[in-house]
Each structure stands twice: as structure tokens, then as C-alpha cells.
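Please read them with the structure open.

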Amino acid sequence: MKKFLSTLFFCLVCLVIFAQAPQKFSYQAVVRDAGNNLVASHAVGVRISILQGGVTGNAVYMESQTITTNANGLMTVVIGNGTTLSGDIASIDWANGPYFLKTETDPNGGTNYTIEGTQQLLSVPYALYAGNAANGFSGNYNDLTNQPTIPTIPDNVSDFANDANYVNNADCNNVSFCDLLNMLTALQNTVDSLADVVAGNNPPIEEPCTPTSSTHDIEITTAELPYTFADTTSQAGTETGTYVLLRTNASGCDSTITLNLTVSAPAFACGTSTLTDVDGNTYNTVQIGEQCWMKENLRTTKKPNGTSISSGIWTPGSNSVTTYGRLYSWTTVMNGATSSNATPSGVQGICPTGWHVPSDNEWKQMEMAAGMSQSDADNTGWRGNIAAKLCGNTGWNSSTTANAAGNLSAPDRNSSGFSALPAGYYVGGYGYFGNYANFWSATEASSDYAYYRTLRYDYAGVDRNGNFKSYGYSVRCVRD
């Protein structure tokens with residue numbers, strides 16, 4: 001018959017670390033033999049079982065250990081560190097209790113267990129269950145199960161639905177402006193909340209009440225809106241309109257708010273702001289003197305009205321169109337406009353809206369801003385000594401000629417920021433990539449010729465001359 005001795009005390013301690021709760025906990029007991037004598041400083045054998053449901057419940061985990069007691073007969077066991085006999089402590093569902101701890105002890109250090117005790121596990125060991133919660137969510141949304149659906153936010157104002165039935169747009173004949181009005185409608189649920197956002201001074205409607213009306217003037221730039229216009233060309237100018245909101249409360253009292261809305265483009269800052277052509281290509285800009293130039297070669301395949309350019313357009317061989325742009329005949333560049341040598345030229349040609357093809361005089365103005373003398377600028381042929389100041393570092397064949405387009409060591413290399421690249425030219429076939437950068441002007445030299453500018457890799461000057469209008473040259477546009 002087994003002898004049962006109650007231990008002097010029972011202590012469970014949860015071992016906690018920051019990263020993850022360990023699958024183990026401590027148990028302490030004072031061991032006495034059958035004669036009630038302390039088993040001090042002696043090896044004892046212990047078998048530990050975790051029972052589910054009651055003192056006679058099913059053992060979901062069992063392990064054995066050999067522990068040496070201290071001088072007071074106290075043994076300290078870390079449950080989870082022993083030799084597993086059955087089950088897995090890590091897989092215990094601590095939420096599905098109650099659980100009881102059964103200990104069987106052999107004071108002689110073997111496996112002849114003569115001392116037995118069973119006690120219910122209370123709150124402390126369940127910190128192991130809390131470990132599951134600690135590891136339940138990493139902080140990464142993608143680790144969640146049953147993820148909530150996040151609605152897609154439209155990129156364009158025109159993607160919003162105008163679903164507020166109390167709205168009446170009295171002046172809505174501009175597509176992009178209507179997009180903005182629809183955005184305001186969709187984002188606000190009531191007239192009161194919209195007025196609070198816009199003006200901050202619309203009083204709530206009281207019942208009963210007298211019909212009221214108010215007018216608010218609103219000025220906003222496209223840069224202040226959280227969405228872009230579907231029609232990006234509308235950002236080039238200013239749009240105005242009237243937006244009327246009408247609300248009827250339960251008592252039949254009407255409150256009308258009129259918004260006089262002005263939407264304008266943000267201020268253009270040359271060198272920081274970019275421009276976009278009808279093809280969707282975006283270009284950097286550079287301020288040279290009093291002019292704002294495109295810092296990259298034009299690469300559009302469409303006219304400003306959106307129709308495709310059907311002739312007089314070429315790609316620069318196998319080289320990157322994004323880097324070197326496209327080549328165009330003078331006739332294609334002008335897009336039906338007549339020659340101009342005005343400042344500004346007034347010739348949009350195939351340039352984006354708000355930009356134009358530079359005249360011969362505008363080229364002279366840029367060259368003088370970059371350091372060319374007036375007398376050199378007025379001459380034809382190779383003039384001045386500023387090629388390196390106008391040229392970027394990509395693609396050029398190397399030259400040791402001082403200030404030449406291909407001299408990458410020139411001390412004032414690309415100091416103008418114009419960043420000319422040697423896209424070559426098309427004359428019955430493509431050639432001279434790396435050697436030449438050629439640019440059209442909007443000015444005729446004769447009935448067959450038009451003025452152009454050329455930079456050559458081994459020349460320090462800039463060539464001003466006329467050539468056949470059918471040749472394929474690069475294009476840079478100037479802001480109106």
C-alpha cells in the first residue's frame with residue numbers, strides 16, 4: 001500500500017522572457033520519507049503528470065526527473081525540463097481545463113515511487129496560455145487570419161460616385177470641374193458637415209426653423225486636393241463654378257448653401273516642377289536666364305490634340321527613347337504653324353500645352369544666358385565657346401578639346417543645366433549617335449531650310465545654321 005505524505009508547500013512560478021513564453025514552469029516541495037524524516041541533500045526520483053478534468057483525469061503530459069534536494073529537504077523541479085514519458089507540454093490547451101498536477105516521488109532516487117500527491121493548477125501556469133496570445137499577432141497585417149476587407153480608395157476624382165440625392169449642381173459643364181464637385185459630394189454625408197469643413201461657421205438647423213441660405217467663397221489649388229483631376233490638362237488653368245447644396249429637414253425646413261468654388265493650378269516653379277505631354281511622358285525643367293526649358297528631349301508620339309504623329313518621327317536607333325527622346329522633321333514639329341522668329345515664338349507645334357517651339361531668337365537668348373557674346377550669337381556657323389556648359393555626361397564620345405561637348409572634364413560642364421545629349425540625327429537613315437546633338441527652332445532659313453542648333457563632341461562652339469526641313473532632329477520646348 002502506498003504511503004501518502006502531504007508536502008509542506010507547493011509553488012508554481014511562470015518563467016517569462018520578452019520574445020516568447022517558455023513551455024515550462026517551476027514546482028517546489030519538501031520531501032520526507034515514510035518516517036517523516038527530511039530527505040536532505042539526497043537524489044530523489046520524481047514522476048510528474050498533468051491531468052485534465054480532475055484528480056483522476058486523463059494524463060495529457062507525463063515526464064520523469066532525478067532531483068537533488070537541498071539541506072532543508074527542498075526539491076525544485078522545472079516541469080518541462082525532464083524526460084518526456086507521454087504527451088507534449090507545448091500542445092496543452094490550457095483554456096480547456098481544469099488541470100491538476102500529480103507528483104510521484106522515490107526518496108531513494110529511483111523509480112519506485114512511494115510518495116504521491118495531486119493538486120489543482122490555479123492561475124500561475126496559465127501564463128503559458130498567455131504566451132499564445134503574445135505570439136498571436138506579429139504586428140504585420142498579412143499575418144492576420146480572417147482579415148477585414150480594406151476598401152480601395154480611388155486615385156482619380158472621377159472614380160467617386162455622386163450618390164447624394166440632395167445635391168443640385170447648377171453649373172456643371174466642365175468635366176474635370178464636375179469631378180471635383182462629385183468628390184465633395186461623395187466625401188460628405190450632410191450639408192452641416194460639409195459646411196463645417198468648408199467654412200466652419202454654418203449653424204445647425206433647429207426645428208422648427210425659418211429657411212436659411214448662405215454663400216461661401218472657396219479658393220483652392222489642385223495641389224491641396226487629395227486626388228488628381230481625371231483630365232490633367234485642366235490643371236494648367238483656373239476653373240470656377242457654383243455648387244448649390246439643398247437640405248430639407250423633417251419639418252420641411254430648407255437650408256441652402258451656395259459654394260462659389262475657384263480651383264487653380266499651383267504655382268509653377270521651373271527647375272522643381274515638371275511637365276507632362278499628351279502621351280503621359282513627364283519631363284524635368286531648367287531655368288536658363290529668363291527662360292524655362294525642358295531639360296530632356298521631347299519623346300511624344302502624339303500631337304497636342306491626342307492624334308498620333310503619322311510621319312516625320314523616328315527613334316534614335318536602339319538607344320533609350322526615355323533618355324534620348326525621339327527625332328522629328330521640322331514640318332512635323334511645327335504641326336501646321338508658320339515660321340516665327342518672335343520672342344516667344346507663339347508656335348506650340350507638337351509641344352505640350354503651355355509650351356512652345358523656341359524661335360531662332362529664343363535660342364540666341366538662351367546661348368547668351370549661358371555665356372555666349374551678342375556678336376557670336378548673331379553669327380552663323382560654329383560660334384562661341386560654351387558647348388561643355390550645355391551638355392550632359394551621358395552618351396558623348398570623348399574629346400580632349402577644351403570646352404568641347406565631349407570633354408567630360410571641362411570645369412564648367414553642364415553649368416547651364418541644359419543637359420544636351422548626343423541623340424544623333426536622321427537623314428535617310430539614323431546615324432551619328434554619340435557625336436551630335438541637333439535641335440530645331442521654329443524659324444525658317446528659306447523655303448526649304450529651317451534654323452537649328454548643333455553640338456558636336458569635339459567642338460567647343462555651337463553651330464547655328466539652316467538645313468533641310470525633312471531631316472530628323474531633337475526638340476526642346478520652352479514654357480510660354
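1. Basis. This is a predicted model, in which local features need pLDDT of at least 70, side-chain atom pairs count only at pLDDT 80 or more, and totals for chains, interfaces and linings use all residues. Residues are numbered from 1 along each chain as its sequence is written, and side-chain values use heavy atoms, with hydrogens and water left out.

2. Whole chain. The protein chain holds eight helices and 26 strands (DSSP runs numbered from the N terminus: H or I of at least four residues, E of at least two). Of its 480 residues, 42% are buried (under 20% relative accessible area, 1.4 Å probe, protein chains only). Its accessible surface is about 23500 Å², with 47% from carbon and sulfur atoms (Shrake-Rupley method, 1.4 Å probe).

3. Four strands form an open sheet in the order 20-25-24-23, paired antiparallel (pairing takes at least two DSSP bridges). Strand 20 (381-383) and strand 23 (436-444) are at the edges with a single partner strand each, so one side of each has no neighbour in the sheet.

4. Strands 23 and 24. Strand 23 and strand 24 (residues 449-456) run antiparallel and are joined by six bridges. A437 sits opposite L455 in strand 24.

5. T69. This residue is in the loop between strand 4 (58-68) and strand 5 (74-79). T69 is buried, at 4% relative accessible area. Its side chain reaches the backbone nitrogen of S41 at 3.0 Å (a polar contact is a pair of N or O atoms within 3.5 Å; within protein, one must be able to donate a hydrogen and the other to accept it, and residues adjacent in sequence count only if both atoms are side-chain atoms).

Terms used. Buried < 20%, exposed > 50% of the residue type's maximum accessible area, 1.4 Å probe, protein only.
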